[in-house]
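User: Hi, I have a protein model open and I'm new to this. Can you walk me through it?

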Amino acid sequence: MNKDCLQFIMNNRISGFQHPTRENIMGLFHKVSHSKGDAKEQVAQYFRELNGEQGFLNDNDLMNLRYTLVNDCFYFCEYLLGYNVDKELVYNVSDYYINQINKINSPDDALKFLEELAGTFFELAQKKRLVSYSFRIERSLQYIDQKLYSPITLEEVAAAVSVTPQYLTTIFREETGMTLYQYIRNRKIDEAKMLLLYSDEPITTIANALGFSSNAHFSASFKSVTGHTPSRFRRKRTDMFSISAHF
C-alpha cells in the first residue's frame, strides 16, 4: 500500500467518517421495496431511513458527487440482480443513468437524479419474479432475456442449459405452466409494449428488432396476448400524454 493511500485512510479515520455499509444499504433497500405504497413513497422512505454519509472519492466536489451516484447505482443493481430481475434490463437501466451523471452540476441536480434513479429501481423491484425455479429453468429464462432481440428456438435454449429439447419442453411446462414458445412470445410482447409506449420507433422496426418474421406475425402475436393491435395499443400513449398535459 503506497504512502498516499495510507494517508487517505488515516484522514478518513481521523475525521470520524463512516461509510454506509453494504448491509445497511441492501437491507434498507429490501425493507423499503417490500413496504406498502407506490415507488414514490418508497423513495421518500429510503432517504428518510438511510444512515451514513456519501463517500469521499475525489477532491473536486462535483466529481465526488458524480462518483458517489455511480456507487449508489451499483448497489441498486446488485440488489435487483439478487432477486432475478431481468439482468439485461437492470444493466441497461444502469447504463442509462450512469450516462446521465455527467449532466449533474449541483447538489440539487444530484438529489433529483437520485430520486429518479431510486424510483426506477424500486419500480423494477416490484416486478421481480415471485416464483423460484430450478437451476435449468432459471438459466433458460436468463438466456431468453439475453437473446430477446433475436429469433430464439427451443433447440438453442436447450443447448445453452445442456439438456435435450424434449427434456426442456417437459420441465419448462411443469414449472412455469406454459410452453417455452409461449413464454418467449409473452416476453417479446412485454418488451414490445414498452417500446410502443415509450419510444418513437416505427412498428415495423420494433417487430424486426424483436425477431418476428414479419409485421403480420408480430401483429397477430401482439393481438393474441393483449387483445389489441400494436397501432391501437400505441394510441394509449397519446391518450396518456394528452391527459397528463392537463395537470
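Analyst: Here is a short tour, from the overall make-up to single residue pairs.

Analyst: This is a predicted model, where local features need pLDDT of at least 70, side-chain atom pairs count only at pLDDT 80 or more, and totals for chains, interfaces and linings use all residues. Residues are numbered from 1 along each chain as its sequence is written, and side-chain values use heavy atoms, with hydrogens and water left out.

User: OK. How many helices and strands are there in the protein?

Analyst: There are 13 helices and 0 strands. Helices (H or I, at least four residues) and strands (E, at least two) are DSSP runs, numbered from the N terminus.

User: What share of the residues is buried?

Analyst: Buried residues make up 36% of the 247 residues. Buried means under 20% relative accessible area, exposed means over 50%, and partly exposed is in between (1.4 Å probe, protein chains only).

User: And the accessible surface of the protein? What does it come to?

Analyst: About 14,900 Å², with 54% of that belonging to carbon and sulfur atoms. The areas come from the Shrake-Rupley method with a 1.4 Å probe; for residues, only the protein chains shown count as cover.

User: Switching to salt bridges. How many does the structure hold?

Analyst: It holds 2 salt bridges. The term means a side-chain nitrogen of Lys or Arg within 4 Å of a carboxyl oxygen of Asp or Glu.

User: Which residue does R187 pair with?

Analyst: R187 pairs with D145, and their closest N and O atoms are 3.0 Å apart. R187 sits in helix 10 (residues 180-198) and D145 in helix 7 (residues 135-146), so the bridge ties together parts that are 42 residues apart in sequence.

User: Is R187 buried or exposed? And D145?

Analyst: R187 counts as buried, at 13% relative accessibility. D145 is also buried, at 7%.

User: What about K193 and D190?

Analyst: Their side chains meet in a salt bridge, at 4.0 Å from N to O. K193 and D190 are 3 residues apart in helix 10, so about one helical turn separates them. K193 is partly exposed at 28% relative accessibility. D190 is partly exposed too, at 41%.

User: Now helix packing. How do helix 5 and helix 6 cross?

Analyst: The axes of helix 5 (residues 87-100) and helix 6 (residues 107-125) come within 11 Å and cross at roughly 175 degrees. The two are therefore roughly antiparallel. Axes are lines fitted to C-alpha atoms, for helices over the stretch in contact, and angles run from 0 to 180 degrees between N-to-C directions. Under 35 degrees counts as roughly parallel, over 145 as roughly antiparallel, 65 to 115 as roughly perpendicular and the rest as oblique.

User: Which residues make the contact?

Analyst: Helix 5 gives residues including L89, V93 and Y97, and helix 6 gives residues including F113, L117 and F121. Contact means heavy atoms within 4.5 Å. By class there are 8 nonpolar, 3 polar and 1 charged. Ala, Val, Leu, Ile, Met, Phe, Trp, Tyr, Cys and Pro count as nonpolar, Asp, Glu, Lys and Arg as charged, and the others, Gly among them, as polar.

User: And helix 7 with helix 9?

Analyst: Their axes come within 10 Å and cross at roughly 95 degrees, with helix 9 spanning residues 165-176. That makes the two roughly perpendicular. Among the contact residues are I137 and L141 of helix 7 and L168 and F172 of helix 9. This contact has 5 nonpolar, 2 polar and 2 charged residues.

User: Last one. Where does S219 lie?

Analyst: S219 lies in helix 12 (residues 215-226). S219 is partly exposed, at 30%. S219 and T229 are 10 residues apart in sequence and 5.9 Å apart in space, C-alpha to C-alpha.
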